[in-house]
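Let's take a walk through this protein together. Have the sequence and the model open as you read.

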Amino acid sequence: GVATLRQLGFVLPPETPDPVRLSTLPGLQAHYDVASQSVNLLAPLALLTLPETVLGAPGIGKTAFVLNIAVNVATPRRVRTADADDPLGAGDVEQAGWGVGFFSLEMPREQLASRLLAVESRVDASRIRSGSIRGEDWNKLTDAAARIGRLPLWLDDTPALGLLYLRAKIRRLKAEIHLPPGDGPEAQDLGLVVVDYLQLLQGRK
């Protein structure tokens, strides 16, 4: 089923502030300058596939790459405001990130979360899996978990997911994002859906 990083256990002290991004490019920002500018990576209504002929053979890091994009899209950023009615005048305000639905058809969501934690903390994933974490790694892991645990990023590991079921899940997720604010992560809207990977998606029967 669908779960946020917080629901998967990343409930850590909130002292670490959410990172913010400065950007003026249109659309959703992946924060990969080359990709965003050369292929219009996350234009509205765009379908982007990452074939092996572009990013290499299995195990080269396609899932980690897309996970990193998902985090960047979901991360709050600072935007410039010049509202004449604002008593504080022009300035930077924090804008909520975009909701991201990540559907993994081959990897359990706990393994995805562990991989995401390794990417964001820059701690070797093998040390996290084996439990041989060094002393200096703990602060990195704590900070990374605090950041991503508050992001509007939902992981779903339903196996043999069908196209119609996927559409229903996306609609349900979008409706959930538009519910009144509660304990869940804040998001502008559902901005990005990732399927890893498309060949495992079941067609209509």
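Predicted model: local features only at pLDDT ≥ 70, side-chain atom pairs only at ≥ 80, totals over all residues.

Residues are numbered from 1 along each chain as its sequence is written, and side-chain values use heavy atoms, with hydrogens and water left out.

Start with the layout. The chain has seven helices and six strands; helices (H or I, at least four residues) and strands (E, at least two) are DSSP runs, numbered from the N terminus. Reading from that end, the order is β-α-α-α-β-β-β-α-α-α-β-α-β. Of the 205 residues, 38% are buried, where buried means under 20% relative accessible area, exposed means over 50%, and partly exposed is in between (1.4 Å probe, protein chains only). Look at contacts between residues at least 6 apart in sequence, and 73% of them join residues at least 24 apart; a contact here means heavy atoms within 4.5 Å.

Now find helix H3, residues 62-74. Because 11 of its 13 residues are buried, H3 is largely enclosed by the rest of the structure. Among those buried residues are Val66, Leu67, Ile69 and Val71.

How does H3 sit against helix H4 (residues 109-121), and at what angle? The two pack at about 75°, with axes 10 Å apart. The axes are lines fitted to C-alpha atoms over the stretch in contact, and angles run from 0 to 180 degrees between N-to-C directions. H3 and H4 are therefore roughly perpendicular, the word used for 65 to 115 degrees (under 35 counts as roughly parallel, over 145 as roughly antiparallel, and the rest as oblique). On the H3 side the contact uses Thr63, Ala64, Leu67, Asn68 and Val71, and on the H4 side Leu112, Arg115, Leu116, Val119 and Glu120. By class, that contact has six nonpolar, two polar and two charged residues. Here Ala, Val, Leu, Ile, Met, Phe, Trp, Tyr, Cys and Pro count as nonpolar, Asp, Glu, Lys and Arg as charged, and the others, Gly among them, as polar.

On to the salt bridges, of which the structure holds four; each is a side-chain nitrogen of Lys or Arg within 4 Å of a carboxyl oxygen of Asp or Glu. One of them pairs Asp156 with Lys169, with the closest N and O atoms 2.7 Å apart. This pair links distant parts of the chain, with Asp156 in strand E5 and Lys169 in helix H7, 13 residues apart. Asp156 is buried at 2% relative accessibility, and Lys169 is buried too, at 7%. Another bridge joins Asp189 and Lys174 at 2.8 Å, N to O. Asp189 lies in the loop between H7 and strand E6 and Lys174 in H7, so the pair ties together parts 15 residues apart in sequence.

Finally, look at Ser104 in strand E4 (residues 99-104). Is this serine buried or exposed? Ser104 is buried, at 1% relative accessible area. Leaving out residues up to four places away in sequence, Ser104 touches Leu112, Asp156, Asp157, Thr158 and Asp196.

How values were computed:
Expected span 1.5 Å × (residues − 1).
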